[in-house]
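Okay, thanks for making time, everyone. I'd like to walk you through one structure today, so let's get it up on the screen.

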Amino acid sequence: MEIKALIFDLDGVLTDTAEYHFRGWKRLADEEGIPFTRTDNERLRGLSRRQSLEQLLRGRRVGEDQAQAMMDRKNRYYRDMIKRVTPDDILDGVPELLAELRAAGVKIAVASASKNARDVISRLGIDDQIDAVSDGYSVRRQKPATDLFLHAASQLGVPPPQCVVVEDAASGIEAAKAAGMWAVGIGPVERVGGADAVFPNLRGVGLNDFVTAIARGTRRNDTDNNWVIRENAFEAEKIHHKETIFTIGNGYLCTRGTFEERYPGDRQATLIHGVYDDAPLVYTELANAPDWLPLDLFVEGERLAMYRGEVLNYGRTLDLRNAVLARTVRWRSSKGHTLDMSVERWASLGDEHIFVIRCTIAAVDFDGHVELRAGLNDEVDNEGLIHWSRIAQGNPSPQACFLHSRTRKTGVDICQAAHLTVEGAEDVVYQARDCEGHPASVARFHLEQGQTATAIKLVVMYTSHDTDAPARAVQTKLNEAIARGYGALRADHEAEWTKYWETSGVVIEGDDEAELALRFSLFQLLIATPRQDDRVSIGGRTLSGFGYRGHVFWDTEIFILPFLIFTQPQLARNLLMYRYRTLPGARKKASRSGYEGAMYAWESARTGEETTPPWLPGPDGKLVRIWTGDLQHHVSADVAYAVWQYWRVTGDHEFLIKYGAEIILDTAVFWGSRVQYNADDERYEINDVIGPDEYHVHVNNSIFTNRMVQWHLQTALEVLAWLGRRNPDKATELIKRLDLDEERLDHWNDVISRLYIAYDPETRLMEQFEDFFDLEDIDLQSLEPRAKSIDEMHGFEAVQKLQAIKQPDVLMLLHLMRDDYDEETKRVNWNYYEPRTDHAYGSSLGPSIHAAMGCEVNEIERAYEHFMRAARIDLRDSRGDAGHGIHAASAGGLWQAAVFGFAGLKLSDNGYSTNPRLPAHWRRLAFRFKLRGEDVFVSLPRSTSDLHRGVS
Ligand code: BGC
Ligand code: BGC
């Protein structure tokens, strides 16, 4: 364990102004006639001024002005008293400790909620020993939020795991731990026992005491293992799978887990949001960006590679907490030189244009020459297809290189620059190495046995989507990154991750595999979700592989978005903006297909126009007609559903008014023109579609589609009425522009009441589509064991005639409308459809939804089976296709299964409720979400059905 910084709370740790606070509050309380004792004062430790006042008032209501005046008054009293603070007020042991820390090169910060912190520090006369102060002005959220400590760490440029916080308040200790730092408590165990180490005071305590006490502490216990994905041996036959698993990213791009020095047959890829280029058959695909990873290591002229020399030791870890991928290798060259290499990479979440590789090299048994080549490479392809033309390349200095490339058809520019430094070796010689297509910097140095050198490669990227002048932006950013330095960049990066996990994290006690798998899924979604750009969305296989070419499906709105809507609403909003910005493409699709309004593409890319390939090679190489782009229409209702859910959970009226309403209304216009009236049966119908179950094409009256359309039209009318009240100008504008006249609205009402929904109220059974029940029934159980999907076994034509389905369809509907149907309806349909579904090899979208639905019908064991099936799709590559990228929908579905399923979270008009149905071995399920701006923390212990709820 390496400690690089100490972050001290001020009051009660460095000095005892706590006493002055007490007197200040006491005087205020006396004046107001409120009883206030020293015991009461204990409870104020670590609280902000406002929180303290609230405590002091004990529920008494005062107006905002009055509260402000009271806080000012107390602060006046306090300031008057601290004017008398002198260096004598430093607590015992502090001067010695500060001196020791400075001598040891450990950074020192003060982090205090107080707005007077700087004043007090200077009166104590210790300003020049403190490297940074974070105070009541630095951040908005106070302890136990992590902000203050993360602010301090970032100022110091030290990553949280190397920071120790010294605190005298429970809230501060909680904050330190949540920030991923070590916590030392000063005071009685009853108050600070949550810390990693506890001391009564700082008298005689030195740095070493911290280290030993923390090391003895219990904090890094077994549950911490459920944050790290590990690989303990290299298996060449699994490289594609592992490359997907070890993908890293920051919402701007993702990079697969190939080795820096490559490996024959690997599937190297970096995919950047929105950077598409034309491709045969599939129209457009995310272009594999020029590779930023290259780092080649030569020992006495021999190049390190996993397939030559001898690999004596190998391990890889992906730490989900900070998104750092690390590999350690002990390698012996054929001439017998042994070295330890450890290489880490991360894509900065603090600044999405910065990417970092750090490589340490230790000479185990030799003295000799080492050479490192760090560069960029545009000779990359998408499984054979080349997308880049070279615009420029070069070396501005021996330590730096740049590469400027352009997509061949779409003309998107990407500029990259890299900078190499080596520390820990003497006389490092740098040299430019400008090979065609791969400019690099070379560092040559000498290592003696036992010596360790560390290389840092900083990479910066911009595209012409980000700025008009990407080349200039790259230059500026690279200089900025070099100036900030590795430590500060890393600290910013980790602080951002801490914030994401604080709001998006889930705890499953009692099931390590499930917990790790769920976190892994959320991690994969978080790295694939765009942060700054609202013109892009997440593809079916995220940015982690070539599968589905970066095309966007309903997977985003129906499977992924709930997780983001509930935990990262700002990111959910960005993704919905993508659908707003692609409305022109959707309108084109509608008019080309002979409809009105906006009809979203089944597969969508940059413009929103349809990009589903009409033909693709089948297993025998012959082209097969793909009908999804023509017929899978429900996606338009799915997008509306997501907009509505976002609004319901966040209460973001502004979004609905400006963007969401238009999405919901113009897609409703499409449905109005899409339905057909059947005069014989006096009903509306939607014929010739594909529902969610893709084993059946050209079906009529898919119940999923029809019911969603009915809901959609109803919602459109409600939204329009709401808009009329809330923002009449916008309503008038939309009515005019989208042509929402009376006649159209009457038509919608007519469709709502007479659209055919194949639901038998007697049996409560739903028919997936017209005449589904007349198809031949098949016992899927009788086909076991099998390693193929039902349509592969029977062929596409034959499967049309069977009651075998690829994925939940009726059950998908019941999942989305779980609040509108009773348990009996769910049960009847579960009993019918669940056994007829191709769970193992049908769609990867199915298992998580079955897990959620299993909970609804109280089949918890079965639900758990489905949950684990979903959890293993990528981590265990149970379908054998994880090499093409993360199954994004399954990842999002897993969160839904945990939260909507096992926790039974439901929203109501005035809040939320849970209905825990935990698998027998789960001890606790806990998660957070945001409901209309408020942070909610839910913790559901197994032992009691009573739930402990709290708003934090
Ligand atoms: C599923 C679709 C899904 C698509 C992309 C297909 O196999 O059947 O529902 O949208 O994959 O993940
Ligand atoms: C998916 C469809 C998709 C098609 C073409 C199929 O595997 O099931 O949803 O449209 O591939 O990408």
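Let me start with a term: I call a residue near a molecule if one of its heavy atoms lies within 4 Å of it. A bit of bookkeeping too: residues are numbered from 1 along each chain as its sequence is written, and chains are lettered from A and ligands numbered from 1 in the order in which they are written. This is a predicted model, where local features need pLDDT of at least 70, side-chain atom pairs count only at pLDDT 80 or more, and totals for chains, interfaces and linings use all residues, while side-chain values use heavy atoms, with hydrogens and water left out.

So, which residues are around ligand 1? They are Tyr548, Phe553, Trp554, Asp555, Trp602, Glu694, Lys806, Gln807, Ser843 and Leu845. By class, that shell has five nonpolar, two polar and three charged residues. Here Ala, Val, Leu, Ile, Met, Phe, Trp, Tyr, Cys and Pro count as nonpolar, Asp, Glu, Lys and Arg as charged, and the others, Gly among them, as polar.

Now the polar contacts, meaning pairs of N or O atoms within 3.5 Å; within protein, one must be able to donate a hydrogen and the other to accept it, and residues adjacent in sequence count only if both atoms are side-chain atoms. Aspartate 555 has a side-chain N or O atom 2.5 Å from an oxygen atom of ligand 1. For tryptophan 554, a polar side-chain atom lies 2.9 Å from a ligand 1 oxygen, and for glutamate 694 the side-chain N or O atom is 3.1 Å from an oxygen of the ligand. Taken alone, ligand 1 exposes 310 Å², and the protein buries 92% of that. Those areas come from the Shrake-Rupley method with a 1.4 Å probe, and for residues only the protein chains shown count as cover.

On to a sheet. Helices (H or I, at least four residues) and strands (E, at least two) are DSSP runs, numbered from the N terminus, and two strands pair if DSSP finds at least two bridges between them. We have an open sheet of four strands, in the order β8-β9-β10-β11, with antiparallel pairing. β8 (248-249) and β11 stand at the edges with a single partner strand each, so one side of each has no neighbour in the sheet.

At one end, two bridges join β8 to β9 (residues 253-255), and glycine 249 stands opposite cysteine 254 in β9. How many bridges join β10 (residues 270-279) to β11? Five, and the two strands run antiparallel. Leucine 271 has asparagine 288 as its bridge partner in β11. The hairpin of β10 and β11 has three residues between the strands, and leucine 281 takes a positive phi near 70 degrees there.

Is β11 (residues 283-288) buried or exposed? Five of its six residues are buried, so the strand is largely enclosed by the rest of the structure. Buried means under 20% relative accessible area, exposed over 50%, and partly exposed in between, with a 1.4 Å probe and protein chains only.

The peptide bond from lysine 143 to proline 144 is cis, with omega near 10 degrees, and proline 144 lies in the loop between β3 (132-134) and α7 (147-156). Glutamate 682 has a positive phi near 50 degrees and, at 54% relative accessibility, counts as exposed. Asparagine 701 also has a positive phi, about 50 degrees, but asparagine 701 is buried, at 1% relative accessible area.
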